[in-house]
Amino acid sequence: MKKNIIELRNVWKTYRMGDVDVNALRGMNFDVKKGEFVAIMGPSGSGKSTAVNMVGCLDIPTKGEVFLDGKNIAHLHESELAQIRGRKIGFIFQTFNLIHTISAKENITLAMVFQGVPVDKRNKRAEELLNKVNLSHRINHRPTEMSGGERQRVAIARALANNPDVILADEPTGNLDSKTGKMIMDFLRKLNKEDGKTIIMVTHDESLAKYADKIAHLRDGIIIKES
Amino acid sequence: MLIDYAKFAFNGIRNRKLRSWLTMIGIIIGITAVVSLISIGQGLKVAISSQFGDIGTDKLTVTASGGLGPPGTGVAKPLTKDNLEKIENVKGVKVAAGRLIGSAKVEYKDEGIFGNVASMPGGDGREIMESSFDLEAKKGRLLRDGDKRKVVLGDSIAGESMAFSGFEKKIDTGSKIMIEGEEFEVVGLLEKTGSFTVDALIFMEEDDLREVLDISNEEYNIIMIQVHPNADIKIVDEDIEKLLRKERDVKKGEEDFTVQTPQATIDQINSALFAVQLFVYIIAAISILVGGIGIMNTMFTSVLERTKDIGIMKSIGAKNSTIFTLFFIESGLIGSVGGIMGAVFGIAMATGLASVGRLLLGSELIRAEISIWLILGSIFGSFLLGTIFGVIPAIRASKLNPVDALRDAK
């Protein structure tokens with residue numbers, strides 16, 4: 001039995017919008033095992049992204065506990081959260097979220113700069129990763145000079161920069177055509193199967209769910225079904 | 001790591017070239033003003049001190065009316081021959097010489113100017129004059145006792161000089177010039193002294209000057225005194241003041257004359273210079289302050305514009321302190337680059353202005369004294385300015401919530 005790499009215990013997230021409190025998560029409980037490929041599905045506003053932000057240490061719960069690799073991150077300091085984000089988690093976003101003013105390679109090395117990786121090491125690693133996502137020929141191109149599929153591949157390479165255990169993909173194919181989307185999904189599956197990365201993917205596309213080992217259905221801030 | 005951040009910050013500036021330049025202009029203008037004006041002011045100070053240094057600290061100058069007002073304007077009650085004789089008898093006075101200065105119409109061939117004529121005292125007084133003003137003949141000779149209707153010309157009078165005070169035609173020794181309608185022979189041309197007032201003088205014997213300008217036998221504009229080497233110049237100064245108050249029948253504090261030491265003159269000029277410099281500093285400080293606010297404005301815009309980038313960087317592991325450092329370095333860099341450019345322009349402007357001044361006035365007096373500390377100080381100061389005004393925007397950037405920042409649509 002593989003151990004849990006992620007555990008959410010009675011997690012609440014409350015946002016204040018004007019005078020009203022909005023509960024994005026209402027006591028969510030959720031486990032992810034090491035090496036699992038999990039899809040979180042649900043209609044918009046169901047709390048999918050909020051849940052992923054918790055797991056990704058981008059946000060902390062209003063109430064409840066979040067364990068990452070056995071460590072409770074719910075009460076950590078900002079700088080410790082940043083450390084964990086940088087080392088243990090790789091993000092892939094729907095809108096790619098690359099920095100436009102620097103090259104593909106620099107986007108990847110930047111993640112390593114924040115972790116204090118020496119310059120020659122991070123350059124080598126960035127080149128390897130770009131090679132891995134078949135973008136060796138685009139190494140010095142800026143994101144604005146690339147297609148959507150290419151940008152998302154750079155984002156995947158960046159997510160892998162510090163060799164994290166967990167990849168969080170928030171609608172990774174949402175801005176791509178179906179052919180490119182499939183290519184990205186195949187790539188994610190390869191990362192899961194071959195490199196043993198734990199992948200948590202948010203989507204509302206049923207057809208993508210088939211890639212996952214487990215699907216969690218989220219509605220109104222709690223998981224209503226796991227399949 | 002800091003180098004990586006600096007590179008990133010530099011990249012940030014490069015990607016916003018126009019705005020970065022515009023932001024820097026304020027700093028550039030301020031630093032240019034500071035560097036150039038301090039350099040010129042410092043140069044003037046050094047030149048003035050060195051010039052008065054030649055006169056020596058053993059000399060006193062008595063003028064009527066007081067202050068630095070032009071002598072010989074006839075407004076003040078002039079000094080008298082009697083004053084001079086009494087001063088000669090004051091204890092500690094080695095030599096005292098009376099001088100006359102006036103302006104006169106001077107003609108050479110068909111060219112006419114208004115020039116300043118100065119008398120050359122006879123006897124021992126001649127030597128004080130020559131040594132005090134560093135008078136040496138470039139061509140011909142200096143005046144000597146018994147030189148009737150003869151003149152010696154200052155360097156900028158005799159033509160060929162770029163200075164505006166002299167003749168366009170070159171005047172050589174042996175030439176005849178007309179002063180107030182009287183004919184004079186040029187017996188000597190003076191070496192450049194570096195002082196534009198002395199270089200623009202026409203020297204003649206005292207009797208000639210009295211005749212030409214119709215000045216009574218009793219009057220003097222200036223009395224120059226050389227103090228005995230063993231005497232205390234302060235005491236001699238006080239004694240002369242006491243004597244003149246009695247002679248001229250004025251009360252203390254209401255003197256119609258001034259006794260000045262060279263140091264007092266330097267101090268007076270320096271304090272006038274300081275007032276000008278202070279004014280310039282205030283203007284420069286305002287300009288630099290405005291420049292700093294410009295940096296702050298630019299950095300705030302930059303934070304707003306890069307909100308999403310900040311979110312991205314945080315999501316891939318940047319701490320608040322990292323984001324702060326990035327923006328802090330960027331604003332410091334804007335300040336430093338502005339400072340460096342300001343310093344370069346300042347040096348160029350100072351040397352440029354100084355050489356224009358030298359050409360126009362024909363005087364070595366105007367020269368820029370550029371100190372390495374001034375340059376380093378102003379560059380460091382602008383770096384500091386950039387960082388100080390960058391602190392608040394950098395804090396704002398660092399405190400952005402990553403989730404909100406990522407949501408920022410651009």
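In what order do the 4 strands of the open sheet in chain A lie? In this predicted model, the order is β2-β1-β4-β5, and the pairing is antiparallel. Strands of a sheet pair through backbone hydrogen bonds, in either a parallel or an antiparallel manner.

A:Leu68 has A:Lys71, in β5(A), as its bridge partner.

Chain B is assigned three domains, listed here in turn. Domain 1 of chain B consists of the segments 2-51 and 266-407. Domain 2 of chain B is likewise made of two segments, 58-96 and 221-260, while domain 3 of chain B covers residues 101-214. Between the C-alpha centres of domain 1 and domain 3 of chain B, the separation is 50 Å.

The two chains touch through a contact made of 20 residues from chain A and 18 residues from chain B. On the side of chain B that touches chain A, at least two residues each are supplied by α1 (2-14), α9 (307-315), α10 (320-361) and α12 (402-407). Helix α9(B) gives the largest share of this side, with 4 residues. By residue class, the side of chain B that touches chain A comprises 7 nonpolar, 7 polar and 4 charged residues.

How values were computed
Residues are numbered from 1 along each chain as its sequence is written. Chains are lettered from A and ligands numbered from 1 in the order in which they are written. This is a predicted model: local features need pLDDT of at least 70, side-chain atom pairs count only at pLDDT 80 or more; totals for chains, interfaces and linings use all residues. Domain bounds come from an automatic or database domain assignment. Two strands pair if DSSP finds at least two bridges between them. Two residues are in contact if their C-beta atoms, placed from the backbone, lie within 7 Å. Ala, Val, Leu, Ile, Met, Phe, Trp, Tyr, Cys and Pro count as nonpolar, Asp, Glu, Lys and Arg as charged, and the others, Gly among them, as polar.
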